[in-house]
Amino acid sequence: MEERNPVYEERLDRHRDELKWLYMELYDSEEDYERLLAAMEDMYVRRKEALREQDRARRAEPDWYRGSDRLGMMMSAGQFAKTLKGVEEHLDYICSCGVNYLHLMPLMESPKGRSDDGYAVSDFRKVQPELGTAEDLERLADRCRLQGISLCLDFVMNHTSEEHEWARRARAGEKEYQDRYLFYDSWEVPMQFERALPQELPATAPGNFTWIPDLGKHVMTTFYPYQWDLNYRNPAVFRDMMMNFLFLANLGADVIRIDTVPCIWKEPGTACRSLPQVHSIVRMMRMIGEIVCPGVLLLGETGTEPAKAASYFGTPEKPECHMISNATGMATVWHTVATQDTRLLRKQLDAAYRLPRTYTFLNYLRCHDDISWGLDYEALAQWGMEQAPHKRFLNRFFTGNWPDSFSRGELYNNDPITRDARFCGTTASMCGVEKAGYCGDDSGMVQAIRLDLMLHAFLLFQPGIPVIYSGDEVGQVNDYTYKEDPDKMMDSRNIHRGAFQWRLTDNIAKEGTVQNQLFLGLRQLERIRQSHGAFGAGARAETLDSGDPSLLCIRRAGGREEILGIFNFSQTVKILDWTVGGVNLVTGASVTEERRLVLRPYDFVWLDMGDGAAG
Ligand code: GLC
């Protein structure tokens, strides 16, 4: 046998016992374990030198991704620049936004019309032909690496498309491939599952199983009927999917987003969310990554609030994900906008700020998904906001069907039975840019831009990594053209997934335009965040009682640096006469001299309170 590379050997040795122990617990097969190890080594051998070198550098500096200079952007490559080559050609624009972390939505082959925008993968090794080839993706990753941009790619691990080779062979009757999914001959087991399972898509794809008439069987489909859930009890599924993950890593992905991670293990009679085996799998995935490609990070999409999602970080000795996306943060911010009441947001921030500072969350105002209003309804009930009517209020407010609402957007998965619904729209449309533009309402536009900037200022003030949704930097509004596309019309999330409007970028340099104000305003905030010590990854964060529920007040402190962020979530002017000193980091004005602080509707201040600021 060829001698092993000592670097690989050392990494394998470090994890060998734990990996084997966890593996045996789930799969109990020496033979399959040996096969997994051989496949991993093969992937290591194929990893190119530039990536190995990067792995070494990152291992020497494990916090490499956690600096306050990290700024993310999420986009669909196709909607942004048509192809991967197009994205490559526009990397300069991405850099000009200050972005150094780029999340591209799924790129791998996915059947047109039954693709869930790429989240139904029919080939984990082949790029969607409209976007380009695996070579294009590799070249884009190389270019990103040279420009200091970390590339995040989706890994849709829970399911495959019904067109994936495994699914086609399963449909053709091959038992070996049927075992890669969850097939049942009768309703008995599916019914047992259904009794405890939530509904992911109650209106567009009700139920969690799909009847496959050619086989006379039910197959588990948590999401759309064409997304067949994988069976991770099968060691071949685990092995092959781990190799698909390493394939993306070897193309040059820096971050792997584990799509809908809590769902990957199923057990009848449970909600099939975050079962202990999910953690075993993620832990093994982490170890596999650390052995083959230690420079690659795992990002978990958990759909829950930070405190509940924290279990996906694992423990310091047995870490799982490096980063977790904060979906609840998005919902809570918009709830705060509609209610002008920061109490829930403050409660959630307090809980998040109590977590270890090494936990890295990705925060965002909007992303490719809907806003599902997964709020803390127990807390809200104490303040008189009951779940069902409150969700209805939020949806009416944001669809513009509420007195004085400035928002525009559409419902998603409006459940005909529970009347529960989620919401879709872009940040700019939800802030009022669309309505004010349409009505030619200048003062409405001033307010919309101020709200938009204040929300981004709040986002950038948080510990963790802020991620901007492509188009938000130029205030792109909802796109209704999806209604004319038969492949898209059934999914209202397409309203905020419109093609990037390049013409808007021409306005960035034109003073007074929406784009000029938003883009430059954001850039200024990003620069302050990057350079000020109180934004560092190790800096503390805490909320303060402002005495007014519509004003959110956050303090961040690191070393001798200290800053205060005050965010006015109300439509009224607020005058603060606390005896706070400090310098307004945006305007440069000294608050000590003014002795009071005036916050216009939806205004904010970032105050420098540290050494030297007061003088
Ligand atoms: C995740 C994605 C979402 C997709 C779903 C099914 O939640 O964010 O867009 O529809 O998984 O893959």
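The shell around the ligand in this predicted model comprises 7 charged, 3 polar and 2 nonpolar residues, where Asp, Glu, Lys and Arg count as charged, Ala, Val, Leu, Ile, Met, Phe, Trp, Tyr, Cys and Pro as nonpolar, and the others, Gly among them, as polar. Among the residues around the ligand are Asp-116, His-159, Phe-223, Glu-301 and Arg-497, a residue being near if one of its heavy atoms lies within 4 Å. The table lists polar contacts, that is, pairs of N or O atoms within 3.5 Å.

| Side chain | Distance to a ligand oxygen atom |
|---|---|
| Asp-259 | 2.9 Å |
| Arg-257 | 3.1 Å |
| Arg-493 | 3.2 Å |

Taken alone, the ligand exposes 310 Å², of which the protein buries 93%; accessible areas come from the Shrake-Rupley method with a 1.4 Å probe, and for residues only the protein chains shown count as cover.

Strand 7 is joined to strand 9 (residues 217-220) by 2 bridges, and Phe-183 has Val-219 as its bridge partner in strand 9.

Residues are numbered from 1 along each chain as its sequence is written, and side-chain values use heavy atoms, leaving out hydrogens and water. Local features need pLDDT of at least 70 and side-chain atom pairs count only at pLDDT 80 or more, whereas totals for chains, interfaces and linings use all residues.

Note on methods:
A polar contact is a pair of N or O atoms within 3.5 Å; within protein, one must be able to donate a hydrogen and the other to accept it, and residues adjacent in sequence count only if both atoms are side-chain atoms. Two strands pair if DSSP finds at least two bridges between them. Helices (H or I, at least four residues) and strands (E, at least two) are DSSP runs, numbered from the N terminus.
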